[in-house]
Amino acid sequence: MKTPLLLRHLFDYAMTYFPNQEIVSRTHHGMHRYTYEEYGARTRQLSSALAKLGVEVGDRVGTFLWNDQYHMEAYFGVPAMGAVLHTINIRLPADQIAYIINHAGDRVLIVDRTLWPLLAPVREQLTSVEAILLTGPPQSTDPVSNAYDYETLIAEGDPHFAYPDLDENAPMGMCYTSATTGNPKGVVYSHRGIYLHSLTLGLANTLALSMQDATLPVVPMFHVNAWGLPFAALWFGCKIVLPGPAPQPKTLLDLMAEEGVTLAAGVPTVWMGLAKELEAQPTPLKLRAAVCGGSAAPEALIRTYEERFHIPFIHAYGMTETSPIASVARLKSHHQSLPASEQLSVKSSQGLLVPGLTIRLERDGQDLPWDGEQAGEMCIQGPWIADEYYRDERSAATFIDGWLHTGDVAAIDKEGYIHIVDRTKDVIKSGGEWISSVDLENALMAHPAVFEAAVVGVPHPKWDERPLAFVVLKDGATVDKSELVTLLATRFAKWQLPDDILFIDEVPKTSVGKFLKRALREQYRNYLA
Ligand code: AMP
């Protein structure tokens with residue numbers, strides 16, 4: 001049958017089979033809990049309220065929320081009615097937030113009231129937004145025009161609102177990802193892509209997500225759909241535990257223990273923080289899977305979880321453009337008899353490609369063999385891989401002849417395990433969020449005393465990578481470090497500022513005069529360790 005693959009079907013299935021399953025969310029004022037049945041009624045009420053506001057099939061609805069029950073309601077309430085769920089990264093600098101809201105053309109925004117102060121400064125620049133739905137109790141900072149109280153609005157919505165039939169290739173969501181330089185680039189997800197991606201999260205070769213799980217996405221719901229977990233978790237009838245505003249390691253540990261979490265997902269920084277907490281406060285957990293991705297998981301971290309805490313650790317790789325899960329590191333049967341150290345090297349690889357996708361390694365236009373030695377750029381194809389950036393000329397550099405060029409350089413071994421060795425994208429990933437080294441360099445070089453500046457990412461024990469800036473001054477010029485930091489602070493969020501600025505005589509260069517950043521990265525790799 002040519003049944004279209006729609007998000008609505010995931011929702012309907014979950015409502016039919018798991019009406020009594022729970023969604024638990026940490027909020028600003030304690031825990032919120034309700035059943036799928038109550039969730040379902042409110043989700044339809046939200047869709048109905050959006051329809052009354054004039055939202056139609058294909059319209060974009062932006063969310064500016066933590067991982068909470070409101071976000072969960074938008075996750076299905078927006079796409080099931082045919083609108084497009086645009087999850088906005090609350091950590092971006094305000095001008096980039098304004099850019100992506102305008103570029104996506106969001107007609108409605110759903111905003112956590114406590115986050116409104118981040119949007120308020122750019123309110124006047126938002127050209128497409130007609131209505132703002134505010135979640136949580138009223139605040140003195142609330143906007144006055146075109147703002148609605150979320151609860152009041154959905155109270156008048158229809159809990160039986162009927163969802164339309166749609167084309168499975170219709171867009172259901174979008175997420176912007178940082179670029180090497182310039183504004184973020186938009187990735188659009190289709191119903192079909194997310195439907196298939198959700199299915200794969202249930203495979204035993206990947207996460208084996210099932211109705212016996214209680215799942216906790218620590219990865220933000222504004223970051224590639226929290227790796228697709230909310231969609232799959234609801235479909236499969238998992239208990240869903242949402243960590244709410246700015247969760248700290250102690251909060252996460254308590255949540256895991258109290259709610260019997262079996263599978264949680266986050267970047268290495270999250271798992272490092274949690275390991276410290278677990279060390280200090282040994283706590284019995286039911287965790288059967290510590291899912292880690294977004295940056296390479298260090299072997300030592302995997303060992304800590306597996307050998308010290310006896311918690312199975314699952315390393316996964318993906319990107320915004322791949323919906324995101326593209327590969328997962330699980331053992332093949334013949335690995336089971338290997339010594340722990342050899343198993344560890346399999347577990348710390350980026351793993352095997354998820355069924356349904358195709359991968360090749362490319363260097364200088366040639367395909368490379370999978371010999372575990374030769375490294376080239378990973379190029380990926382498949383039903384949940386994006387084929388362009390939304391209305392963006394930069395698409396041509398990344399999507400070539402039907403392949404996504406990931407910008408990640410890897411070797412693939414004879415067994416098919418991916419080992420990422422480098423990144424061609426000149427960006428730094430700190431605690432799961434991107435920082436553009438090129439933008440920082442350009443900002444530094446705009447200072448009249450600066451001749452050259454190079455910014456590189458160096459390993460950091462907590463944040464995985466942090467930016468370090470190198471500055472060459474013009475002859476006879478002087479400038480204080482603090483003056484340069486002040487200059488950068490006008491354009492970058494605080495967490496994007498370099499950890500240090502070092503004055504050097506010359507930036508090392510390649511034979512053709514390009515910055516040889518690899519040399520600086522190598523020389524200073526222990527600077528922040
Ligand atoms: P994003 O689009 O923000 O999710 O970032 C995707 C990028 O993060 C990838 O292209 C990689 O550079 C990096 N990344 C994600 N997962 C891993 C991993 N498991 N190991 C190494 N790098 C990773």
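## Helix H12 against helix H13

Helix axes here are lines fitted to C-alpha atoms over the stretch in contact, and the angle between two of them runs from 0 to 180 degrees between N-to-C directions. The model described is a predicted one. In it, helix H12, which spans residues 299-308, packs on helix H13, residues 340-347, at an angle of about 120°. The two axes are 10 Å apart. Angles of 65 to 115 degrees count as roughly perpendicular and those over 145 as roughly antiparallel; H12 and H13 are therefore oblique to each other. The crossing of H12 past H13 is right-handed.

On the H12 side, the residues in contact are Glu-299, Ile-302, Arg-303, Glu-306 and Glu-307. They meet Ala-340, Leu-344, Ser-345 and Lys-347 of H13. Sorted by class, this contact has five charged residues, three nonpolar and one polar.

Helix H1 covers residues 7-17 and packs with helix H2, residues 36-52, at an angle of about 145°. Their axes are 9 Å apart, and the crossing is left-handed. From H1, the contact uses Phe-11, Asp-12, Ala-14 and Met-15; from H2, it uses Tyr-36, Tyr-39, Gly-40, Thr-43 and Arg-44. The class count for H1 with H2 is five nonpolar, two polar and two charged residues.

H1 also crosses helix H3, residues 69-80, at roughly 125°, and the axes come within 9 Å. H1 and H3 are therefore oblique to each other. H1 passes H3 in a left-handed crossing. Leu-7, Arg-8, Leu-10 and Phe-11 of H1 make this contact with Tyr-75, Phe-76, Pro-79 and Ala-80 of H3. By class, the contact of H1 with H3 holds seven nonpolar residues, one charged and no polar ones. Phe-11 is listed in the contact with H2 and again in the contact with H3.

## Ligand surroundings

The ligand is surrounded by 19 residues. The closest are Ala-316, Thr-320, Asp-408, Lys-425 and Trp-434.

For Asp-408, an N or O atom of the side chain is 2.5 Å from an oxygen atom of the ligand. For Thr-320, the corresponding distance from a side-chain N or O atom to a ligand oxygen is 2.6 Å. A polar side-chain atom of His-223 lies 3.1 Å from an oxygen atom of the ligand.

## Backbone features

The peptide bond from Ser-323 to Pro-324 is cis, with omega near 5°. Pro-324 sits in the loop that runs between strand E14 (313-318) and strand E15 (325-329).

Val-224 has a positive phi of about 45°, although this residue is not a glycine. Val-224 belongs to helix H8, which comprises residues 224-227.

Conventions
Residues are numbered from 1 along each chain as its sequence is written. This is a predicted model: local features need pLDDT of at least 70, side-chain atom pairs count only at pLDDT 80 or more; totals for chains, interfaces and linings use all residues. Side-chain values use heavy atoms; hydrogens and water are left out. Helices (H or I, at least four residues) and strands (E, at least two) are DSSP runs, numbered from the N terminus. Angles under 35 degrees count as roughly parallel, over 145 as roughly antiparallel, 65 to 115 as roughly perpendicular and the rest as oblique. A crossing is left-handed if the near helix is turned anticlockwise from the far one by less than a right angle, and right-handed if clockwise. Contact means heavy atoms within 4.5 Å. Ala, Val, Leu, Ile, Met, Phe, Trp, Tyr, Cys and Pro count as nonpolar, Asp, Glu, Lys and Arg as charged, and the others, Gly among them, as polar. A residue is near a molecule or strand if one of its heavy atoms lies within 4 Å of it. A polar contact is a pair of N or O atoms within 3.5 Å; within protein, one must be able to donate a hydrogen and the other to accept it, and residues adjacent in sequence count only if both atoms are side-chain atoms.
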